[in-house]
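The sequence and structure come first, and the notes follow.

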Amino acid sequence: MGTWGTGPFDSDLAGDFVDGLNGLPSQEIAAVLGSALQRVVSAGDHVDGGDGQEAVAAAALVAAQLPDSGILIDPDDGRKDPLPPLPSSLHSLARSALQRVLGDGSELAQGWTDNSDASEWRREVQMILDALNH
């Protein structure tokens with residue numbers, strides 16, 4: 001599994017997750033995003049790093065649909081076709097998942113070897129969280 005940056009799609013796992021949305025019927029996309037977010041929300045004391053990467057990617061996709069969110073998805077990172085409108089119930093689920101990913105017990109939050117990368121990653125995730133809070 002490779003990671004090359006601090007953005008929500010800057011890992012092989014996040015890229016594979018988004019690629020998995022291609023070809024899905026519109027009605028299944030919300031379920032897949034919700035499942036990725038729910039795995040993190042429902043995790044016990046330990047949030048798996050892979051689950052965290054998928055949740056951050058899912059939350060970014062949800063936040064990008066909000067008007068004036070400021071979250072832009074590079075066409076190379078997103079789904080080939082535009083996402084269908086997503087249910088508002090995903091907003092609170094995405095907020096909860098990001099809070100878990102940023103918190104204690106998160107493998108993803110603690111897995112950075114470079115402090116500047118860790119700070120940049122936290123800033124990126126916090127921007128997504130802030131967009132979801134408005």
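Ala58 counts as buried because its relative accessibility is 0% (buried means under 20% relative accessible area, exposed over 50%, partly exposed in between, with a 1.4 Å probe and protein chains only). Ala58 lies in helix α3; helices are DSSP runs of H or I with at least four residues, strands are runs of E with at least two, and both are numbered from the N terminus. This is a predicted model, in which local features need pLDDT of at least 70 and side-chain atom pairs count only at pLDDT 80 or more, while totals for chains, interfaces and linings use all residues. Residues are numbered from 1 along each chain as its sequence is written, and side-chain values use heavy atoms, with hydrogens and water left out.

**Contacts of Ala58 and Leu33**

- Ala58 touches Phe17, Leu33, Ala36 and Leu37, not counting residues up to four places away in sequence; contact means heavy atoms within 4.5 Å.
- Ala58 and Leu37 are 21 residues apart along the chain, and their C-alpha atoms are separated by 6.9 Å.
- Leu33 touches Phe17, Leu21, Ala58, Leu61, Val62, Leu86 and Leu90, again not counting residues up to four places away in sequence.

**The nonpolar core**

- The largest nonpolar core has 44 residues; such a core is a set of buried Ala, Val, Leu, Ile, Met, Phe, Trp, Tyr and Cys residues joined through side-chain atoms within 4.5 Å.
- Leu33, Leu37, Ile128 and Leu132 have the most contacts inside this core.
- At least two core residues come from each of α1 (12-19), α2 (26-41), α3 (49-64), α4 (89-102), α5 (107-110) and α6 (115-133).
- The helix that gives the most to this core is α3, with 9 residues.

**α2 against α3**

- Two packed helices are described by the angle between their axes and the distance between the axes.
- For α2 and α3, the axes come within 8 Å and cross at roughly 130 degrees; axes are lines fitted to C-alpha atoms, for helices over the stretch in contact, and angles run from 0 to 180 degrees between N-to-C directions.
- α2 and α3 are therefore oblique to each other (angles under 35 degrees count as roughly parallel, over 145 as roughly antiparallel, 65 to 115 as roughly perpendicular and the rest as oblique).
- The crossing of α2 past α3 is left-handed; that applies if the near helix is turned anticlockwise from the far one by less than a right angle, and right-handed applies if clockwise.
- On the α2 side the contact is made by Leu33, Ala36, Leu37, Arg39 and Val40, and on the α3 side by Asp51, Gly52, Glu54, Ala55, Ala58, Ala59, Leu61 and Val62.
- The residues of the contact of α2 with α3 comprise 9 nonpolar, 1 polar and 3 charged; Ala, Val, Leu, Ile, Met, Phe, Trp, Tyr, Cys and Pro count as nonpolar, Asp, Glu, Lys and Arg as charged, and the others, Gly among them, as polar.

**α3 against α4**

- The axes of α3 and α4 come within 9 Å and cross at roughly 140 degrees.
- α3 and α4 are therefore oblique to each other, and α3 passes α4 in a left-handed crossing.
- In this contact, Gly52, Ala55, Val56, Ala59 and Val62 of α3 meet Leu90, His91, Ala94, Ala97, Leu98 and Val101 of α4.
- By class, the contact of α3 with α4 has 9 nonpolar, 2 polar and no charged residues.

**α3 against α6**

- α3 and α6 pack at an angle of about 40 degrees, and their axes are 9 Å apart.
- α3 and α6 are therefore oblique to each other, and α3 passes α6 in a left-handed crossing.
- Val56, Ala59, Ala60, Val62 and Ala63 in α3 meet Val125, Ile128, Ala131 and Leu132 in α6.
- The contact of α3 with α6 has 9 nonpolar, no polar and no charged residues.

**Other single residues**

- Gln53 lies in helix α3 and counts as buried, at 11% relative accessibility.
- Gln53 and Ser119 are 66 residues apart in sequence and 16 Å apart in space, C-alpha to C-alpha.
- Gly20 is in the loop between α1 and α2 and counts as partly exposed, at 43% relative accessibility.
- Asp68 is in the loop between α3 and α4 and counts as exposed, at 81% relative accessibility.
- Most residues other than glycine have a negative phi.
- Asp68 has a positive phi of about 55 degrees although it is not a glycine.
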